[in-house]
Amino acid sequence: MQSYRQNLIFLITQPHLDLKTETEKFIAGLDSKVFAALFVDVSFLITALEFIDGQYWIEDLKNDGEEKKVVIAHFLKKFFKSELRPLLFFQSTLDGTSIYDIKFYQNTVLAIQKTIVSAAKQKPFPQSREFATTALNMMSELFEFEHQMTMKKNDLNQELDYTLYRSFDCLDECFNLNYKSEHPDTESRTIERIYLQSGVSVQSSYSALLMALRYVNLPSGSRFIDLGSGFGRVGITVGLLRPDIEFSGYEFVENRVNVATAAVKNLGLDKRVKFFQQDLSDQNFAFPEAETYYLYDPFTEETYKHIINKLTEVASRKKINVITKGNAKLHFLKAENIRTWSKPQEFRTGNFCLFRSN
Ligand SMILES: C[S@@+](CC[C@H](N)C(=O)[O-])C[C@H]1O[C@@H](n2cnc3c(N)ncnc32)[C@H](O)[C@@H]1O
């Protein structure tokens, strides 16, 4: 087993440790790639321990009130062959454990994650970038694993009993994407869907984004525009995983543009990942050209009409891709100029759609 994992198990399982100090000492000596692997393991473990806790109670109910003890290591065996396979390194730790140990581990893993996130926030460039890129690549593998598991289960008319959908959200904290810094100063001059104070949920999920980047073939050397770029998750992810692509994000709320701009600067991405404050409903705005556009449910009905017309204009000159997430797809499907666009290709994960211009 990789030695960082042995240390991790020690930190998780030992009582009476000064956990914060010991974790800080341990991570201080790790290089950025191993540090990223640790972040991903710990974040997955938090979800997995919740899952194990839930499965324990289901197993216990089967005893129907009898005083029969559920042996955790036994009933979990089958899960380590399937949904918990990426955490095989943790299986033997569960030999002889009780549900009280599981609760203890849940708390220690959460505390370890907190210390990891504070250390990640302090990382300067280029370690910040190496950490983030490694973490995203590993997350992408896990989301693909989850996707394959879900499909297998669906074939058997079953469901996967955990989801990694929110498991890695605290990566935003590592990037200092501070939603709490939101100042509701946009007043009533707009009726746009700006979702003030709604934090992480205004972002595309990492799972949806990473799956889109896996399956949508973005041409090398092309330009990618996020229309309504929020706190910049899309730009950061595209910027880190596709160094061959130029990214621009346009966003109404100034504070979000500032938060996103500071994050890409710290990751050394600011030369090819840029964010601009712009009201995209402004009829006088010179609509920017790109090969791929991304829309996650940003606009009002009227602005959608305006933006889809602009996209259609670009599409009359060259072939483009439009990736929609959430309800943006419905606006496209009812657009007058729908014939400009191919039948959308739908992705099961994250309600994504890809429209290609004809
Ligand atoms: C649901 S969020 C999506 C954020 C990001 N694209 C993502 O997927 O993570 C939509 C964003 O569009 C922005 N928005 C809404 N109307 C806008 C407009 N007229 N011009 C520019 N941005 C706008 C909102 O402020 C919000 O941050």
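A polar contact is taken here as a pair of N or O atoms within 3.5 Å; within protein, one atom must be able to donate a hydrogen and the other to accept it, and residues adjacent in sequence count only if both atoms are side-chain atoms. By this rule, nine residue pairs, both residues at pLDDT 80 or more, are in polar contact between domain 1 and domain 2. The structure is a predicted model, in which local features need pLDDT of at least 70 and side-chain atom pairs count only at pLDDT 80 or more, while totals for chains, interfaces and linings use all residues. Residues are numbered from 1 along each chain as its sequence is written, and side-chain values use heavy atoms, with hydrogens and water left out.

The domain assignment, of a kind that comes from an automatic or database source, places residues 3–173 in domain 1 and residues 182–356 in domain 2. The centres of the two domains, taken over C-alpha atoms, are 32 Å apart. Contact (heavy atoms within 4.5 Å) involves 23 residues of domain 1 and 19 residues of domain 2. The buried area, which is the accessible area (1.4 Å probe) that two parts lose on being put together, summed over both, is about 1900 Å² for domain 1 and domain 2, with 56% of it on carbon and sulfur atoms.

Three salt bridges (a side-chain nitrogen of Lys or Arg within 4 Å of a carboxyl oxygen of Asp or Glu) are found across the interface of domain 1 and domain 2. Arginine 233 pairs in a salt bridge with aspartate 169, and their closest N and O atoms are 3.0 Å apart. On the side of domain 1 that touches domain 2, helix H6 (127–155) and helix H7 (171–174) each supply at least two residues; helices are DSSP runs (H or I, at least four residues) numbered from the N terminus. H6 gives the most to this side, with 15 residues.

In the whole structure, 17 salt bridges are found. Glutamate 83 forms a salt bridge with lysine 153, with the closest N and O atoms 3.2 Å apart. Glutamate 83 lies in the loop between helix H4 (72–80) and helix H5 (99–122) and lysine 153 in helix H6, so the pair ties together parts that are 70 residues apart in sequence.

The ligand has 24 residues around it, of which Ser204, Gly228, Glu251, Arg256 and Leu280 come nearest; a residue is included if one of its heavy atoms lies within 4 Å. A side-chain N or O atom of glutamate 251 is 2.7 Å from an oxygen atom of the ligand. For nitrogen atoms of the ligand, the distance is 3.0 Å to a side-chain N or O atom of aspartate 279 and 2.9 Å to a backbone N or O atom of leucine 280.

Two backbone features were also noted. Phenylalanine 125 and proline 126 are joined by a cis peptide bond, with omega about 5 degrees, and proline 126 is in the loop between H5 and H6. Histidine 16, although not a glycine, has a positive phi of about 60 degrees, and this histidine 16 is in the loop between helix H1 (3–13) and helix H2 (19–28).
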